[in-house]
Amino acid sequence: MIKSMTGFAAAKGAGEGFGWAWDMRAVNARGLDIRLRLPDWIEGLEPKVRAAVAGVAARGNVTVSLKLARDEAGAGERIDQAALARVLTQLAEVDAAAAEAGVTLARPGTAEVLAMRGVLSGDGGAADTAPLAAAIAADLPDLMAAFDAMRQAEGAALHKVLAGQLDRIEALTAEAADLAEARREHMRARLRDSLARVQDNTDGADEGRVAQELALIAVKADVTEELDRLRAHVAAARDLLETDGAVGRKLDFLSQEFNREANTLCSKSQFAELTRVGLDLKAVIDQMREQVQNVE
């Protein structure tokens, strides 16, 4: 079953003297782009998060943020004034650079400043952050499961929409086939009239040659192959909708092929009703292409 590339999940946890909150969200992208906002002083956490995200997502721009705050048990720890001054100076420099660039940044809160490297005694590089990293990483399976469940739910909704659009394309293709058959006699009459006019206004014209040219025109206007390909594309798209894994790119390619056949059908139409159906096909295909952009 298909999944959506968009999704969201959040989780909270506590341990090792800290409380934390996860925020995970994803939007559309051509490939998998993982962006992490994690405290840089917790060693070994980033590769675990990246591996967890890659385990549930094949495509999408995925952002995972983690905010930490010390709990009351750590309130008595000493603030390293030198480290605090260094951090505040760095924050001021960042604010100044952002102001020059015309960018407004959100200011970090007190808890976020205290969680920065070295501000509290024992929080520097010499501290063993492995127990904290392990406690935080223990949340990852549940966070990923919630994220994936949302993407599956949105994928089910996308499946319903796309299946309905494929039904509509199939119905319009059948209608086009009926109109193409009805157009056949209409074109015969037009070709006979054209042949008669040519023969009446041309001295010594080779009737066989003229008839051959008119028959060639009829062959060029035939839309049988386009209709056959449209039916084949519908079947292929339905198979992809029932396939597990990332099929969004294949569906996008198929939607381009759908559009190509609809364009050719309109260009060959020479029949008002068939042109109408071709335009209806193009409208549905455009709607389908928009939805396909959300499929993983």
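Author: One aromatic pair is counted here, where rings of Phe, Tyr and Trp (its six-membered ring) pair if their centres lie within 6.5 Å, with planes under 30 degrees apart called stacked, over 60 edge-to-face and the rest tilted. This is a predicted model, in which local features need pLDDT of at least 70, side-chain atom pairs count only at pLDDT 80 or more, and totals for chains, interfaces and linings use all residues. Residues are numbered from 1 along each chain as its sequence is written, and side-chain values use heavy atoms, leaving out hydrogens and water.

Reader: How are the planes of F18 and W41 arranged?

Author: A pair of aromatic rings is described by the distance of the centres and the angle of the planes. The ring centres of F18 and W41 are 5.6 Å apart and their planes meet at 40°, so the pair is tilted. Both residues are buried (under 20% relative accessible area; exposed is over 50%, partly exposed in between; 1.4 Å probe, protein chains only).

Reader: Which residues of helix α4 are buried?

Author: An α-helix has 3.6 residues a turn, so residues three or four places apart point the same way. In α4 (residues 130-137), the buried residues are L132, A133, I136 and A137; they fall within an arc of 130° seen down the axis, so they line one face of the helix. The arc is taken from the directions from the helix axis to the C-beta atoms, and helices are DSSP runs (H or I, at least four residues), numbered from the N terminus.

Reader: Is R151 buried or exposed?

Author: R151, in helix α5 (residues 140-201), counts as buried at 0% relative accessibility.

How values were computed:
Helices (H or I, at least four residues) and strands (E, at least two) are DSSP runs, numbered from the N terminus.
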